[in-house]
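Please keep the sequence at hand while reading.

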Amino acid sequence: MNKKNLTRREFLAVASTGTIIAATSGRIGAYASKTAGKAAILGGKAVRTKPFPGWPVWDRNAEKSVLEILRSGNWYRGNGKTVTEFEKKYAELMGAKACVCTVNGTNALLTAMHALDVGVGDEVIVSPYTFIATYNVVLGSCALPVFADTDPETFQINPDKIEERITPKTRAILPVHILGLPANMGRINAIAKKHNLVVIEDACQAWMAEWNHKKIGTLGDLGCFSFQNSKHLPIGEGGAVIGNDEELMDRVWSYHNCGRPYGSIKKTSNYPIIGTNRRMTEYQAAIGLSQIQRLEEDTERRNRNAKYLTSKIKDIPGILPHRLYKEVTRAAYHLYPFRYKKEYFNDLSRDRFLSALRAEGIPCSSGYGPQYNDGLIEDALNSKNFTRSFSKARLNQYRRENHYPDNDQLCKEAVWFGQNMLLGSKQDIDDIADAILKTYENRDKLAQSDKNSSKYQKDSVAL
Ligand SMILES: *Cc1c(COP(=O)(O)O)cnc(C)c1O
């Protein structure tokens, strides 16, 4: 059998660690001249010293419109037109009937939960692999976040693990398009329909991503976005709920504006419905309008560079790039993820691998940890909100089932690059790939130094 002709997956399936070097040396040898040499963390020369593009990026247009609003004194949306204009533009861009802006993404999610009447005593199926806000909005609504394990290949909620988590109390699925890669909305919507559940999309990392050419955030009952400083449409703080059902969107509007009647929300009495104040300000919207202008081009560039990066690293042993579902016509790439298999790097720990990349001038992160093991969940289950809303038997069953082996494994292997790194040039992407390959080439020495340093740490603890 000619090992060079194996696909990567076949290769990983047949190759034992011992045969990898022989099998791949021919394939990746072409890069060798650029990546040969001592790892920077061991005293060699770094692949790059130049920083990656900064974030956020702003321009003079924003300066002018923010100043105009400042000087007008009309900072509240009721006195201006800027938030309304932003909502109209964002709804158009997403292909949604309506958009309501909120103070941030967390509050967009809370608003969507309320508008769909998901709350006290309900169970919500959600991905464990997400930003903590997704956990918090469910817990904060006194609903039980019931996690369905992650598919490590896609980094998304595993659709095969959803149905087994549904109980008579389940009211909603809250899929998160984490890292800006779409979750399997085809399967999720089919399951929701079968079990009569509502779907709230946490699209807080997935602006402009698409499933079969439809924008992420328009596939569920409601879609929620964040415009926080690090996000692709950055405002500092900001968020939005989008949807196609006008009555439901009227309820969203009313709730976010102190419960005042709006559109189809007509009360015959002269008091409001239950509501709160989650309104966006005029100057937030002005920044949003200037940022919206660059979103299409940035998205295109991130997708192009992500694809190129995948093509360059997919054959490096032990590097498993993320998989996109075939229905994904575009991703957002808030982060670029892959899995690191240390067995192919002579057992070099992921932490040491990350440190080695950083020393080569490549910023990187290990991503989310297994947050369901943190005290947060147990504290919530013990709180009076939960002990009053759920039976003891249900909470105990929940505790017993609160284990997600695939997600645990993913948390140990994930490596992320930030979205700004995908906004650079082809040369920037070459540097990332070269640094990974160089680290691979140096794996034996790095693994040796890793072992020595952990031995040293143990010794020093013993002293
Ligand atoms: C950023 C984010 C949120 C919360 O948005 P904020 O605007 O920071 O409140 C929620 N979910 C996910 C997945 C996010 O990345």
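## Shell around the ligand

Helix α6 gives the most to the shell around the ligand, with three residues. Helices here are DSSP runs (H or I, at least four residues), numbered from the N terminus. This is a predicted model; local features need pLDDT of at least 70, side-chain atom pairs count only at pLDDT 80 or more, and totals for chains, interfaces and linings use all residues. Residues are numbered from 1 along each chain as its sequence is written, and side-chain values use heavy atoms, with hydrogens and water left out.

The shell has six nonpolar, nine polar and two charged residues. Nonpolar covers Ala, Val, Leu, Ile, Met, Phe, Trp, Tyr, Cys and Pro; charged covers Asp, Glu, Lys and Arg; the others, Gly among them, are polar. Of the 17 residues around the ligand (a heavy atom within 4 Å), Gly105, Thr106, Gln205, Ser226 and Lys231 come nearest.

Which atoms of Gly105 and Thr106 face ligand oxygens? For Gly105, a backbone N or O atom lies 2.7 Å from an oxygen atom of the ligand. For Thr106, a polar side-chain atom lies 2.5 Å from a ligand oxygen atom. Asp202 places a polar side-chain atom 2.9 Å from a ligand nitrogen atom. Polar contacts are pairs of N or O atoms within 3.5 Å.

The protein covers 93% of the 380 Å² of accessible area that the ligand has on its own (Shrake-Rupley method, 1.4 Å probe).

## Helix α11

Helix α11 spans residues 350–359. Its buried residues (under 20% relative accessible area, 1.4 Å probe, protein chains only) are Arg350, Arg352, Phe353, Leu354, Ala356 and Leu357. Just after α11, Gly361 takes a positive phi of about 95 degrees.

How values were computed:
Buried means under 20% relative accessible area, exposed over 50%, partly exposed in between (1.4 Å probe, protein chains only). Helices (H or I, at least four residues) and strands (E, at least two) are DSSP runs, numbered from the N terminus. A polar contact is a pair of N or O atoms within 3.5 Å; within protein, one must be able to donate a hydrogen and the other to accept it, and residues adjacent in sequence count only if both atoms are side-chain atoms.
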